[in-house]
Amino acid sequence: MINALAEALQFTFMRHALLAGLLVSVACGIIGTYVVVKRIVFISGGIAHAAYGGIGLGYYVKYMVVPVLFAGSAAARDPRPGYWPLLGAILFSLLAAALMGHIQRRTRQRADTIIGVLWAIGMAIGIVLVDLTRGYKVDLMSYLFGSILAVERLELLVIAGLDVLVVALVTLFYKELLAVSFDETFATVQNVPVGGIYALLLGMIALTVVMLMRVVGLILVIAMLTIPPAISGRLVRGIVPMMALSALLGVAFTTLGLWLSYAWNLTSGASIILVAGTGYLLSLLATRRGAGPSAGPRLGATLNRR
Amino acid sequence: MTAIAEPVAIRNDRTEVIHVEDLWAGYGPEPVLEAVNLHVYALDFIGIIGPNGGGKTTLLKVLLGLLAPTRGTVTVMGEPVASGRRHIGYVPQVVEFDHDFPISVWDVARMGRLGKRPPLRRYTSADDDAVADALRRVDMLDLRRRAIGELSGGQRQRVYIARALAGRPEILLLDEPTSSVDPRVSTSIYELLRELNERVTIMLVSHDMGAVSSYVKSVGCLNRHLFYHGQDHLTPEMVELAYQCPIDLVAHGVPHRVFAEHAIEAIQRYRDEEQRRS
């Protein structure tokens, strides 16, 4: 395995892929921990899928709008999609986060239904916009299932930048994020700007989702966001240790998944998720008898804590 | 203990800490609270009882600025609730929490200091002192490193009380403080509240008439209308007005101080009448 990995590392695309996996795992471990402890998996899924609308928008603008507005310019002649789809995805995911967050906080009934509808509308917009982009065959699959092997330098820089942003924001607003995650009502009474902090959290989820889309693809984003924290939540206690372990697990899963995909010529995103899923099942088996901190309390409180 | 340094002085001039006048509130066309008037004075220990759905939690929400009243005025320490609520330590119902949440006792209690440290300000050693004091006060300092999910119901309730105390409030508001604990633990929590009441004004809402009425200084009944005049016992009229139907709580051991015999008679009368009608 070591030899195969060393051999694989001779390729630039493989080095880029490993680096992308590493960088994404950091944001994923941190943000995924909030998603899991605050139980907002569904809304995160909504944001991820609605972001697809932005991909479509990116292609449409690049191939239909730019050539008209800036005819003859270098940008118009460049056949590659460049940063347009990424930009569109960032825009759409942030928009979806703002909208869904607003709905979840303001609407009393059926917020999940509305989020589900937005989830679908976002994707549909993306598909239709790609249809409307004539003369260019967009590789939809690469966004649905990820294309970690095609990550370019520019994207690595964007992902690294987003990582820095996420780490900085979480450090700055740690106590507010914790309070809002644990008990929104009490945070409100303490005059914490709960709406703003919640929007910040959803915004960071949106950015993380965009990064992840490249690595494991839209469809598997949620797995990558939730599996590492779900495992670490069984093994360690406390938010910060959970984030750290989740990031490490993320690195392990992407590296191992990548190696499997390289060795057997499998889809990289799916390989990564299967490795992660296997890890989760193993953690369930390992901590089943109340050994883990989150499985322990209920037993511990009555049996041996008195 | 800066904010609550002079309990005796406060007791003497009986400052009004909560003032509610002609309050109407609700979530739709039908009001949950109607024409409620309430005056809470420093170092009061008030228990508000009433049936489920009678508006107890709604009243707390209004006092905490979580729900805007449709009509009427509410002030806390003479200020509108949005700013006045910084004087309030709030203890929500324990059942509302996710006990799998990976957080330690210390970190939960420290949230009581959030009001003193706006975003971008770090907790200081003064905060640590206040949190330690609060946890010591409820006898939970030794367990500060425990995860909240590892505690028993009574211990958890103490932590939430410590969280409220950590902000060094003038007023404690508690929502069903003993709803999820057994009677022995319930007693210990009321004993604790009685001690705390030497320095802090306390108001709690509960449907558990028996437990409440043996510890509080004054009682009220809430069922859309509030029946409270600062008296230390429930009158039959109040109970009749608040509980418009007979309730099972009356059956099991109600203290005599509150339930004077005629109150029980009143309820008996009410039951008879109900049976006659049906």
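Q: What makes the largest nonpolar core a core, and which residues have the most contacts inside it?
A: A nonpolar core is a set of buried Ala, Val, Leu, Ile, Met, Phe, Trp, Tyr and Cys residues joined through C-beta atoms within 7 Å. The largest one here has 171 residues. Ile47(A), Ala51(A), Leu212(A), Val221(A) and Met224(A) have the most contacts inside it. Helix 11 (residues 194–215) of chain A gives the largest share of this core, 15 residues. Helices are DSSP runs of H or I, at least four residues, and strands are runs of E, at least two, numbered from the N terminus.

This is a predicted model: local features need pLDDT of at least 70, side-chain atom pairs count only at pLDDT 80 or more, and totals for chains, interfaces and linings use all residues. Residues are numbered from 1 along each chain as its sequence is written, and chains are lettered from A and ligands numbered from 1 in the order in which they are written.

Q: Why is Val185(B) called partly exposed?
A: Buried needs 20 or more other C-beta atoms within 10 Å, exposed 12 or fewer, and partly exposed is in between; C-beta atoms are placed from the backbone. Val185(B) has 17, so it is partly exposed.

Q: What is Val185(B) in contact with, leaving aside neighbours within four places in sequence?
A: Contact means C-beta atoms, placed from the backbone, within 7 Å. Val185(B) is in contact with Gly153(B) and Gly154(B).

Notes
Two residues are in contact if their C-beta atoms, placed from the backbone, lie within 7 Å.
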